Amino acid sequence: MNNSKLYEKRMLFDGLNKIKHLRDAWEIEKPNHREVGILFRFGYDDYEEYQFIINESRAKSFDMLKGIILELLTIYKLSVQHVPIYCGSCRMVNSNGIEKPYFIRQDRDEGILAFVLKMNGKNVLYIFKEYGIKNYLPEEMVIELVKKYSADDYAYIAYAEDKAYSDQLNHNNDEKDHSRGTSVFSLKYFFEQVFGGEEYSIFSSYLKQYMDKVESYFGVRIVRSLVPNTLYSFKQIARARILAFDYKHSFEKGKMEISISDNLKKKIDSQFLEDSFFESILGDKSYALCFLTAEWLYSSLNEAENIDLTSIAMGYFKAIEQFLFLFISCQTKERKNKGKTIYNNRKDAHIELTDEFMNSEKEQISLGVMTGFLRFEGNKDLIKAEIREDVFILIRKLLNNVKLLRNGFFHKDNLLNWETVNEARDLAYLVLYFLLGAYTFDDNDKKTLGIPAKNIRSDYNELCKYINRRVAERDKLDEVPIFYITDNEGTKEAMLPCWDDLVTYDAYGNPVYSGIYFRNIGEKNTYNLVYDHNNLPKEIIEGTLRIVSPERIECIKSEKKVFEEGVFLL
C-alpha cells in the first residue's frame with residue numbers, strides 16, 4: 001500500500017498552503033512596536049514578531065499530523081475509540097487576603113489526539129504529545145481515562161523519531177524495551193507497529209520535504225552577533241571543524257589529478273594537528289580573523305538562496321592571501337638571508353626579497369605573485385626535507401587552483417551558487433593545512449604567524465575551561481559530573497562544579513577566567529570552594545553522580561584523573 005498521494009495532498013498542498021497564508025498575512029499586518037517602546041524586547045521586533053508565526057505554524061503542523069494519523073487509521077481499516085481531551089494554558093493570579101485565585105486564559109484550546117486501539121490482544125489508550133517533560137497529562141487523569149474507556153494499558157506517543165523516553169529521568173537502559181520502562185514511545189515506533197516500517201519511510205520522506213519547504217518559505221534564520229563571548233563559542237565550533245575536516249578526500253576531489261599518500265598525510269598531521277600549529281588559524285592574526293569571519297558567514301547563511309555569496313568566498317581567499325603575505329615576509333633577506341627573489345609587477349622582473357619591498361610595495365604583491373613565489377622550484381627548500389619533493393608537487397597544483405578560481409570568477413560576476421563557495425572554502429582549509437603542516441618555521445616565524453610554541457599552554461586556563469564545560473555538558477539527563485578534590489593538606493572533598501560567573505572575554509574572544517568554583521552537594525546559590533592560579537588543589541578526579549529518583553542519588557566510582565600537581569591531564 002502506497003499512500004504517497006495522501007502525504008502529497010495533506011503536507012505539500014493543504015498543510016503548506018496554510019503556512020503560506022499565515023506567513024503572508026502576518027507580513028502584511030506586522031505591527032510597529034517601536035512606536036510603543038516595549039521594554040526588554042531583547043531579540044528586537046523582528047524576532048518576537050516571527051516567533052509568533054513560528055509558534056502558530058507549529059500548531060498548524062501538529063494539527064495536520066493528527067489528521068494524517070486519523071486518515072491512516074481509516075485507510076488501514078483499524079477501528080478506534082476516540083478519547084476527547086482538550087488542553088489550554090492559563091495564568092493563575094492570586095494575592096494575600098483574596099479568597100480564591102483567578103485564572104487568565106492565555107491561548108486557544110488544543111485538541112490532544114487520543115484513542116483506544118486494540119494491539120496484540122490488549123486495548124491500549126494512545127495519547128499523542130509533543131516531546132518534553134511538560135507535555136504529560138496528570139497521572140490521575142490518565143488512570144481515570146483508562147478506567148472510563150476500559151483500556152488495559154496506556155502509552156504516550158511523542159512527536160519524535162527516536163529516544164522519546166529521554167525526557168524521563170527515571171528511564172532504564174533495557175534496550176529490549178523501546179520505552180525504557182516509561183510507557184513513552186516515538187512516533188516512528190508507533191508507525192512501525194501499527195502501519196508498518198515501509199509506511200513510516202514514505203511518511204518521513206514527505207515530512208522532510210514539508211519541513212524544508214516551510215523553512216524555505218519563512219526565510220527566517222537566527223544569525224549570531226560576533227561579540228567577544230560568542231566569538232569564543234564560535235572558535236570552539238571552528239576548532240572542531242578544523243580537526244574533523246577530511247583533508248585527504250577534499251584535496252583528491254578538487255580536480256588535482258593526484259592523491260596524498262597515507263604516509264605523507266601522517267607526517268603533515270604530525271605538525272599541523274599533533275603539534276597544534278592549526279591553533280594559529282583561531283588566533284589574533286589578520287588571516288585568522290578573515291578565516292573566522294568567512295566561517296561565521298558560511299554558517300549563518302549556509303544554503304541561503306538568491307543572495308550574492310561573493311563576500312563569503314572572498315573571505316576565504318583573503319585569508320589565504322594574508323597568510324601567504326605573512327609567510328613570505330618571513331623569508332626576506334633581513335630575516336633569513338637565503339637570497340630569495342620575488343616578482344615585481346611594476347618592474348616586470350624578479351628582485352631581491354627584502355623587508356622594504358614587502359612593506360612599501362604591497363600593492364605590487366598580488367595573489368599571483370605570492371603563489372608564484374611558492375610554486376618556484378628554488379623555494380621548495382622551505383618545505384620540510386623529508387617530505388619536500390612530494391609536497392612541492394601537491395602545493396603547485398593546489399596554489400594553481402587557488403589562482404584560477406580567484407581570478408576567474410570574482411571580478412565582474414555575482415556569485416549565486418554554493419558549490420563555488422564550498423570550493424573556495426576547501427581551498428582555504430587545504431592551503432592552511434599544507435603550509436602550516438609541511439613547511440619549516442623558526443621561532444620568529446611562529447611569532448609572526450601566531451603559531452603557538454610547542455607544548456605551551458596554561459594548565460590553569462585548561463582546567464577552568466574544562467570545569468565550565470562540564471557544568472553544561474551531560475551525557476545523560478539523570479547523571480551529573482562530581483569532582484573528588486584533594487587539597488595540598490591532604491583533605492578530600494566531593495564537590496559539584498559551578499559556572500565562573502565573572503569570566504570575561506578579550507577582543508579576540510579568548511576567555512579570562514576569574515577562578516574555578518565548586519559547591520557542596522545539595523547547595524544551590526553559593527560557592528563552597530574557589531581556586532585561582534595561586535592556590536590550585538593537589539589533585540582532581542572526576543566521577544559521576546546518578547539521580548536515581550527525586551529522593552535518592554548515588555555516586556558511581558571515579559572515572560578519570562583531571563588534574564594533578566599543577567598539570568591538566570586531559
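View 1. The model is predicted: local features need pLDDT of at least 70, side-chain atom pairs count only at pLDDT 80 or more, and totals for chains, interfaces and linings use all residues. Residues are numbered from 1 along each chain as its sequence is written, and side-chain values use heavy atoms, with hydrogens and water left out. H10 covers residues 310–329 and H14 residues 418–438 (helices are DSSP runs of H or I, at least four residues; strands are runs of E, at least two; both are numbered from the N terminus). The two pack at about 20°, axes 8 Å apart (axes are lines fitted to C-alpha atoms, for helices over the stretch in contact; angles run from 0 to 180 degrees between N-to-C directions). That makes H10 roughly parallel to H14 (under 35 degrees; over 145 is roughly antiparallel, 65 to 115 roughly perpendicular, the rest oblique).

**View 2. Side chains of H10 meet those of H14.** From H10, the residues in contact include Ile-312, Tyr-316, Phe-317 and Phe-323 (contact means heavy atoms within 4.5 Å). H14 contributes, among them, Trp-418, Arg-425, Leu-432 and Leu-436. By class, the contact of H10 with H14 has 16 nonpolar, no polar and 1 charged residues (nonpolar: Ala, Val, Leu, Ile, Met, Phe, Trp, Tyr, Cys and Pro; charged: Asp, Glu, Lys and Arg; polar: the others, Gly among them).

**View 3. An open sheet of 5 strands runs in the order S1-S6-S7-S8-S9.** Its pairing is mixed (two strands pair if DSSP finds at least two bridges between them). S1 (80–82) and S9 (184–186) stand at the edges with a single partner strand each, so one side of each has no neighbour in the sheet. Neighbouring strands are turned by 30° against each other on average, direction ignored. S1 and S6 (residues 114–119) run antiparallel, joined by 3 bridges. His-82 has Phe-115 in S6 as its bridge partner.

**View 4. Helix H4 (residues 187–194) lies across S6, S7, S8 and S9.** H4 runs at about 80° to S9.

**View 5. Strands S10 and S11 form a hairpin.** S10 (residues 341–344) and S11 (residues 349–352) run antiparallel, with 4 bridges. Asn-344 is bridged to Ala-349 in S11. Between the strands are 4 residues, and Asp-348 takes a positive phi near 50°.
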